[in-house]
Amino acid sequence: MASARGDSTALLQRVRRAVRGPARIPPGASVLIGCSGGPDSTALALALHQLAPAMRWRLVLAHLTHEGLRGEQAEQDRDFVQALARKLELEVVTSGVNVPALAAARRCSLEEAGRHARYAFFETGARSCRCGFVALGHQRDDQVETVLFRILRGTGVAGLAGIPARRPLSSAPDTPIVVRPLLAIPRAELEAFLAAAGISARLDRTNLDPAAASRNRIRLVLLPALRRLWPEADRSLLALAAAAQRAREAIEAALEPRLQHALAEASPPAAPDTRTRSATRRRTPGHPTRTPADRPPRCGEQLPASPPAAAHETLLSLPRTTIAATPPELRSFLIREAVRRSSGLQLLERHTQALLHLVEHDTGEVLLHLPHGLQARREYDLLLLERTAAPGGTTGHRQATRTATPVPSPPPRRLAVPGLTVAPEYGVRVEIARAERGLPPAAQRRRAPNCAWLDADALTGQPLVLRHPRPGDRMRPTGLQGTKKLHDIFVDAKVPRQLRQRALVLASGDTIACVLGLRADERLAASPTSRAVLCVRAEPLTLETETDPEQP
């Protein structure tokens with residue numbers, strides 16, 4: 001017992017050092033704590049609660065229910081967080097969002113949709129509760145996984161720096177500050193801290209399935225093997241992240257005058273999209289109340305949806321002279337950081353290179369479509385970044401596309417069946433696995449918008465390949481007699497013209513098996529009577545989503 005108390009005291013001392021150092025939270029601050037109910041965020045809530053009296057902090061727990069994924073377990077997570085708030089005598093704000101529906105609307109993965117919803121919820125909740133800080137429970141193991149994840153995928157200095165201990169939540173004015181006080185503490189020590197306090201946190205069993213997500217495979221398969229071969233692997237990756245962070249800070253300092261000049265002419269960013277279900281707060285005990293229209297919402301009241309983004313808004317006007325005056329090896333960093341500060345979007349390398357090509361080589365006015373409803377165009381001697389659409393159109397499409405000139409299509413990529421194929425030229429990774437239990441129920445398939453289900457016996461025997469649409473392509477959509485031009489299918493589905501040539505097609509010989517995320521050919525689609533079913537899962541190559549802001 002004495003040892004457990006000593007370990008808890010040591011952990012609290014490390015958290016205290018963090019909030020006075022890299023994850024600084026000043027005395028007297030109001031802090032929104034993102035709490036999923038899992039061990040990390042629960043330990044964070046408990047640690048900050050124990051430090052709060054001396055630091056004069058006001059703490060609020062915040063929980064977003066991910067609907068449509070885990071059923072009753074998600075509701076039990078919410079109940080656990082509300083019970084924790086009562087036990088600690090803290091305020092709590094809760095909300096919910098249908099993640100599969102959001103992923104389908106944004107044409108992105110479930111992981112990215114959930115992350116977007118969480119951070120939008122934190123922004124709205126922090127403003128509603130008058131909190132200047134949002135504390136999140138990312139810990140040392142998360143940092144190791146993130147750095148390794150980015151190395152495997154390919155990244156630059158900014159990506160190698162890993163998860164920051166402190167950063168603005170968004171690019172909006174007066175945005176809350178995100179702090180991560182647990183980044184130096186391993187997951188095992190947090191679990192021991194909870195055990196000593198007699199608290200049993202919630203467990204998301206999807207985190208234990210290597211097949212469920214790429215991060216799971218890194219955490220459960222790759223890292224254990226790496227540690228056996230190289231016991232100092234964690235220490236080395238963390239040292240690399242720290243060195244990259246120092247390099248990033250030095251680069252940012254050198255570029256700051258140019259960045260300030262580049263951002264001086266940018267329009268103020270629109271308010272972040274925070275459209276989740278209505279959020280209610282309970283002061284334990286208590287009841288949600290209405291918000292009069294003549295004042296801002298108070299903490300815990302119904303959180304209004306943000307107004308829709310303007311139909312057309314210039315976020316950044318970057319002179320070509322500013323880019324030309326920057327050393328060539330730093331131009332990518334300048335563009336990436338200018339876009340991040342003006343829009344909140346973390347560009348992937350392919351997007352950055354497309355923008356550089358647009359500035360340095362193209363003539364006339366050429367348009368690039370970027371994720372999340374943004375577009376870039378060159379107009380005379382300016383690179384303009386504009387917001388043009390609400391989520392659901394071009395917003396979730398991961399690949400920059402050019403509308404003024406055709407984009408050369410990469411050659412077809414043969415897919416491993418079964419197996420994993422990483423296709424950077426198409427911006428995706430495709431995993432094909434045999435569905436041992438056959439075709440899942442329709443409700444389960446709707447929760448997996450990035451999956452297609454094919455009848456293995458119906459394939460022609462020719463290789464299954466990934467490619468873009470070609471002129472004259474036809475397929476037989478499920479439920480339709482006869483074939484139909486792919487062009488007409490896109491028109492019926494209201495796929496924007498500039499995105500059609502970037503759609504992802506699975507083909508076997510001359511037969512199109514499916515258009516990922518849209519339709520499957522009736523001849524190759526799996527049915528309840530299929531004896532052998534293949535699950536085709538496509539995910540964007542987005543590790544710094546992101547838009548990887550900093551997974552997880």
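Student: Is Gly472 buried or exposed?

Tutor: Buried means under 20% relative accessible area, exposed over 50%, and partly exposed in between, with a 1.4 Å probe and protein chains only. Gly472 has a relative accessible area of 63% and is therefore exposed. The model is predicted: local features need pLDDT of at least 70, side-chain atom pairs count only at pLDDT 80 or more, and totals for chains, interfaces and linings use all residues. Residues are numbered from 1 along each chain as its sequence is written, and side-chain values use heavy atoms, with hydrogens and water left out.

Student: Where is the place of Gly472?

Tutor: Helices (H or I, at least four residues) and strands (E, at least two) are DSSP runs, numbered from the N terminus. Gly472 lies in the loop between strand 17 (464–467) and strand 18 (474–475). Leu486 is 14 residues apart from Gly472 in sequence and 7.5 Å apart in space, C-alpha to C-alpha.

Student: In what order do the 5 strands of the open sheet stand?

Tutor: Two strands pair if DSSP finds at least two bridges between them. The order here is 13-17-20-21-22, with antiparallel pairing. Strand 13 (413–414) and strand 22 (519–520) are at the edges, each with a single partner strand, so one side of each has no neighbour in the sheet. Strand 20 (residues 505–508) pairs with strand 21 (residues 511–515) over 4 bridges; Val505 has Val515 as its bridge partner in strand 21.

Student: How are two packed helices described?

Tutor: The description consists of the angle between their axes and the distance between the axes. Axes are lines fitted to C-alpha atoms, for helices over the stretch in contact, and angles run from 0 to 180 degrees between N-to-C directions. Helix 12 (residues 328–343) packs against helix 13 (residues 349–360) at about 105 degrees, with axes 10 Å apart. Helix 12 is therefore roughly perpendicular to helix 13, a class that covers 65 to 115 degrees.

Student: Which residues have the most contacts inside the largest nonpolar core?

Tutor: A nonpolar core is a set of buried Ala, Val, Leu, Ile, Met, Phe, Trp, Tyr and Cys residues joined through side-chain atoms within 4.5 Å. The largest one has 41 residues, and those with the most contacts inside it are Val15, Ile33, Leu48, Trp57 and Leu61. Helix 2 supplies the largest share of this core, 9 residues. Contact means heavy atoms within 4.5 Å; leaving aside neighbours within four places in sequence, Leu48 is in contact with residues including Val19, Leu59 and Ala135. Another core, of 28 residues, lies apart from this one and includes Ile251 and Phe333.

Conventions
Parallel < 35°, antiparallel > 145°, perpendicular 65-115°, else oblique.
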